[in-house]
Amino acid sequence: MSDDRCELLCIDFDHAEGLRAALPEPGELAARAEGLRALGDPTRLRIAHALHAGDELCVCDLAWIVGASQGLVSHHLRSLRSAGLVDSRRDGKLVMYRLTRAARALLATISAPAAEVDRA
């Protein structure tokens with residue numbers, strides 16, 4: 001038998017059922033996983049950090065800040081938007097981008113200093 005499995009079935013039903021009931025719904029977990037996948041790309045994560053620091057930025061500014069072409073940044077912004085992590089608004093000839101509340105929460109979670117993660 002493998003070392004990563006119990007040798008006998010022993011479920012603390014009340015405790016396990018309470019934890020099971022407290023889990024987020026499958027749709028919510030799927031949305032969170034999609035957001036984490038979107039932030040799993042270094043360029044998209046860099047764009048998200050720039051938006052977090054700059055609050056609201058256009059593609060031109062983002063391209064300069066992250067050191068990538070406007071076309072590449074636009075591509076990544078579309079991915080972030082489809083994952084629900086970025087909103088945009090038109091301001092004349094500019095399109096301004098900002099992080100959603102969900103993106104800010106994900107960034108806060110994954111940006112915690114290692115000491116805080118170790119304590120958890």
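**Strands, salt bridges and a helix pair**

Author: Strand 2 and strand 3 run antiparallel, with six bridges joining them. Helices (DSSP runs of H or I, at least four residues) and strands (runs of E, at least two) are numbered from the N terminus, and two strands pair if DSSP finds at least two bridges between them. Bear in mind that this is a predicted model, where local features need pLDDT of at least 70 and side-chain atom pairs count only at pLDDT 80 or more, while totals for chains, interfaces and linings use all residues. Residues are numbered from 1 along each chain as its sequence is written, and side-chain values use heavy atoms, with hydrogens and water left out.

Reader: OK, and which residue in the turn between strand 2 and strand 3 has a positive phi?

Author: Ser-88 sits opposite Tyr-97 of strand 3. The two strands make a hairpin, with two residues between them. The residue in that turn with a phi of about 65° is Gly-92.

Reader: What is the bridge partner of Glu-56 in strand 3?

Author: Strand 1 joins in too, pairing with strand 3 (residues 94-99) in the antiparallel sense over three bridges. Across that pairing, Glu-56 has as its partner Arg-98.

Reader: How far apart are the closest N and O atoms of Glu-56 and Arg-89?

Author: These two form a salt bridge, meaning a side-chain nitrogen of Lys or Arg within 4 Å of a carboxyl oxygen of Asp or Glu. Glu-56 and Arg-89 also belong to a salt-bridge network with Arg-98. In the Glu-56 and Arg-89 pair, the closest N and O atoms come to 2.9 Å.

Reader: Is Glu-56 buried, partly exposed or exposed, and what is its relative accessible area?

Author: The cut-offs are under 20% relative accessible area for buried, over 50% for exposed, and partly exposed in between (1.4 Å probe, protein chains only). Arg-89, at 34%, counts as partly exposed. Glu-56 is also partly exposed, and its value is 23%.

Reader: How many residues apart in sequence are the parts tied together by Arg-104 and Asp-55?

Author: Arg-104 forms a salt bridge with Asp-55, with 3.2 Å between the closest N and O atoms. Arg-104 lies in helix 6 and Asp-55 in the loop between helix 3 and strand 1, so the parts this pair ties together are separated in sequence by 49 residues.

Reader: Which helix holds both Glu-34 and Arg-37?

Author: Here the salt bridge has its closest N and O atoms 3.1 Å apart. Glu-34 is partly exposed at 35%, whereas Arg-37 is exposed at 53%. The two are three residues apart, about one turn, and both lie in helix 2.

Reader: Last one: how do the residues in the contact of helix 3 with helix 4 divide?

Author: The helices pack at an angle of about 115° with axes 10 Å apart; axes are lines fitted to C-alpha atoms over the stretch in contact, and angles run from 0 to 180 degrees between N-to-C directions. The contact (heavy atoms within 4.5 Å) uses Arg-46, Ile-47, Ala-50 and Leu-51 of helix 3 with Leu-62, Ile-65 and Val-66 of helix 4. Ala, Val, Leu, Ile, Met, Phe, Trp, Tyr, Cys and Pro count as nonpolar, Asp, Glu, Lys and Arg as charged, and the others, Gly among them, as polar. On that basis, the contact residues are six nonpolar, no polar and one charged.
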